[in-house]
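Here are my notes on the two-chain model you asked me to look through.

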Amino acid sequence: MTVAPKREDYDVVVIGAGPAGLAAAATSAEAGLSTLLLDENIGPGGQVFRAIASTPVTDRSQLGADYWVGADLVQSLRASNAEVIQRATVWSLDRNLDIAVSVGGASAFVKAKRVILATGALERPFPIPGWTLPGVMTAGAAQTMLKSSALVPDGRTVIAGQGPLLWLLAAQILRLGGRIDRILDTTERGNYFAALPHAFAFLTSPYFAKGLSMMREVKAKVQVVSGVTELSASGDGQLANVSYVAAGGKRETLPADLLLLHQGVVPNVNLAMAAGVEHRWDELQLCWSPVLDASGSSSVAGIAIAGDGAGIGGANAAVVRGRIAARAAVEALAPAAAAKLPAMATLRADLAKAERGRIFLDTLFRPAPQFRIPSGDTIVCRCEEVTAKDVLDSVAIGATGPNQLKAYRRTGMGPCQGRLCGLTVTELMAQARGKTPQEIGYYRLRAPVKPITLAELAAVPKSEDDVKAVVRG
Amino acid sequence: MFRRSEQDKRPQVQIFVDGVAVAARQGDTVSAALLASGQDARRSTAVSGAPRLPYCMMGVCFDCLVTIDGVGNRQGCLVPVAEGMQIEIQKGKREIGR
């Protein structure tokens with residue numbers, strides 16, 4: 001599985017083997033295009049179908065029917081001629097559709113006629129006091145361990161935040177016999193009213209019945225505190241307490257070994273931005289989303305984006321977006337073969353159905369400002385350990401945006417390359433300077449989008465011209 | 001912090017954490033095996049020496065950095081365990097040559 005790509009050129013290279021990538025690669029390969037699927041993880045599935053081919057959680061009811069949908073996608077992929085490489089880290093993609101990928105400690109280079117980016121989402125930063133303490137993790141982290149290793153929390157466990165994933169995770173932990181002491185719901189009260197106009201679409205979407213039954217299942221077993229407006233973690237080198245203020249203004253502190261945070265997911269933009277794809281600030285989803293046409297094509301010719309990386313839409317929408325992007329590639333490269341695939345109109349109708357109810361969810365679970373824009377000693381950049389006060393001090397002496405801030409504070413220059421601080425820095429600086437996030441902008445991202453060693457770079461095959469370009473004399 | 005579910009029937013894999021044998025399971029990532037081991041697996045950061053454990057478990061936060069078979073700064077959440085693997089908890093910066 002972890003061998004270098006077999007060819008140097010492909011019709012289509014798909015990056016990421018989550019719902020969108022699996023569907024895109026299978027569609028493209030079925031239509032006869034030479035297709036390469038590169039994925040960083042040990043097995044296919046992305047986050048939502050993580051460990052779908054290897055999970056030790058064999059009781060299918062525990063992870064739920066929505067999870068096992070992933071098995072069919074993997075089966076379709078395997079039945080196709082797509083070449084699949086796991087544990088392959090793509091570290092460069094450029095406007096010429098040249099791709100650099102690290103596999104087993106060595107880099108290979110491939111060229112594509114079309115690239116479909118399916119790099120998905122990551123959890124929105126949740127910068128509260130103490131969020132870097134050992135014992136504080138994301139809800140997604142706990143779910144990853146649950147799916148891939150059947151691990152469940154067994155110490156004093158608090159889950160805090162909001163959104164569908166939080167309830168799904170809680171239900172899964174309980175089904176596997178794990179421990180949850182309390183759930184702190186940070187959904188803003190005002191969001192319920194704001195979401196009301198969009199309720200009809202949601203009530204008639206599949207999310208509604210599923211969500212309601214899951215919340216009932218969890219609330220029957222765990223104390224849920226709603227209307228939480230303040231949240232912090234504390235401890236000496238290890239999480240010891242979670243402190244919060246609930247509706248009514250009463251502060252409570254409870255001892256905890258594990259705090260799981262979640263306030264939604266946002267597109268994982270690093271590779272797309274480094275390739276030069278234009279992004280815009282999405283004021284509803286409060287994140288950067290790529291500018292795309294109806295087929296997922298980006299501002300860079302030949303690069304399409306499918307799945308949550310194209311704007312958060314969930315797993316069902318991701319699958320359809322993957323098929324749409326792949327169909328568009330087939331139409332461009334092998335028009336005759338496109339006749340075998342479902343019609344674009346059919347796919348667009350599927351997408352509209354899968355996206356039904358999304359605006360309601362986005363509005364209801366729009367995270368509150370105090371959980372996005374921290375203050376004082378709260379760490380913003382986990383890698384370089386830069387606090388909100390540090391950022392504001394830099395603004396006060398002239399830092400204008402995230403890229404200038406790098407020179408002042410090194411924010412975003414650590415190994416995570418801004419993935420865990422970028423949105424916070426943009427919103428914090430926008431607020432401090434009285435600008436919009438769109439005006440403030442984002443870090444300029446460049447290859448390598450994941451760290452690779454100098455030794456690996458040095459071992460890359462070089463032509464005589466390459467050597468002449470840098471060697472004197 | 002975490003325990004294994006009884007339904008997990010995967011074969012055991014023995015790894016070593018700072019020289020101490022730890023029972024992991026086939027298919028665990030290094031980070032999952034460390035968190036399941038009950039051992040103190042906190043690394044300390046390169047900047048201030050603050051203690052950290054994995055945060056995201058999906059390859060984006062880099063708080064799981066660990067030395068694996070002599071190679072520093074590996075993302076423990078992306079590497080599967082293998083029999084006899086030598087894990088060292090990283091204290092501070094990656095060392096030159098490792």
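1. Let's start with the second largest pocket, where strand 7 of chain B gives the most to the lining, with five residues. Strand 7 covers residues 71-75 of chain B, and it is joined by strand 5 (98-103) of chain A in supplying at least two residues each. The space inside comes to about 1,000 Å³. In total 37 residues line this pocket, and the closest to its centre are A:Pro451, B:Gly72, B:Asn73, B:Arg74 and B:Gln75. Keep in mind that this is a predicted model, here and in every point below.

2. Strand 7 of chain B has a partner worth a look: strand 6 of chain B runs antiparallel to it, and three bridges join the two. One of the pairs is B:Ile68 with B:Val71 in strand 7. Strand 6 also runs antiparallel to strand 8 (residues 86-88) of chain B, here with two bridges. In that pairing B:Thr67 has B:Glu88 of strand 8 as its bridge partner.

3. Which way do the side chains of strand 6 of chain B point, and are they buried or exposed? B:Leu65 and B:Thr67 go one way, B:Val66 and B:Ile68 go the other, and all of them are buried.

4. Now some backbone checks. Most residues other than glycine have a negative phi, and most peptide bonds are trans. B:Asp69 goes against the phi part, with a positive value of about 45°. B:Asp69 sits in the hairpin of strands 6 and 7 of chain B, which has two residues between the strands.

5. B:Met57 is another non-glycine residue with a positive phi, near 60°. Its place is the loop between strand 5 (51-52) and strand 6 (65-68) of chain B. B:Met57 has a relative accessible area of 2%, so it counts as buried.

6. In chain A, the peptide bond to look at is the one between A:Ala447 and A:Pro448: it is cis, with omega at about -5°. A:Pro448 is in the loop between helix 18 (437-440) and helix 19 (454-458) of chain A.

7. On to the packing. The largest nonpolar core has 86 residues, and those with the most contacts inside it come from both chains: A:Met137, A:Ile159, A:Ile183, B:Ile15, B:Val30 and B:Ile87. Apart from it lies another core, of 60 residues, which includes A:Phe126, A:Val158, A:Ala399 and B:Val60.

8. How many residues of strand 10 (residues 157-162) of chain A are buried? Six of its six are. Taken with point 7, A:Ile159 belongs to the largest core, whereas A:Val158 is in the 60-residue one.

9. Strand 10 of chain A has parallel neighbours. Six bridges join it to strand 16 (residues 258-263) of chain A, where A:Gln162 stands opposite A:Gln263. Four bridges link strand 10 to strand 11 (residues 182-185) of chain A, with A:Gly161 partnered by A:Asp185. Between strands 10 and 11 the chain passes through helix 5 (residues 164-175), and this β-α-β crossover is right-handed.

10. A:Trp167 lies in that same helix 5 of chain A. Why does A:Trp167 count as buried? Its relative accessibility is 4%, and the cut-off is under 20%. Beyond its neighbours in sequence, A:Trp167 is in contact with residues including A:Ile183, A:Asp185, A:Met214 and A:Val224. A:Ile183 in turn touches A:Ile159 and A:Leu166, among others. A:Trp167 and A:Arg216 are 49 residues apart in sequence, yet their C-alpha atoms are 9.7 Å apart.

11. Last one: A:Ser289, in strand 19 (residues 287-290) of chain A. At 10% relative accessibility, A:Ser289 counts as buried. The residues it touches include A:Pro267, A:Glu278, A:His279 and A:Gly311.

Notes:
Residues numbered from 1 in each chain as written. Chains lettered and ligands numbered in written order. Predicted model: local features only at pLDDT ≥ 70, side-chain atom pairs only at ≥ 80, totals over all residues. Heavy atoms only, no water. Core = buried A, V, L, I, M, F, W, Y, C linked by side-chain atoms within 4.5 Å. Buried < 20%, exposed > 50% of the residue type's maximum accessible area, 1.4 Å probe, protein only. Contact = heavy atoms within 4.5 Å. Pairing = 2+ DSSP bridges. Right-handed = clockwise from strand over helix to strand, strands pointing away. 1 Å grid on protein atoms, 1.4 Å probe; cavity = no way out; pocket = protein on both sides within 12 Å on 5 of 7 lines; lining within 4 Å. Points joined across faces, edges and corners; volume = space filled by probe spheres on them. Lists of a residue's contacts leave out its neighbours within four places in sequence.
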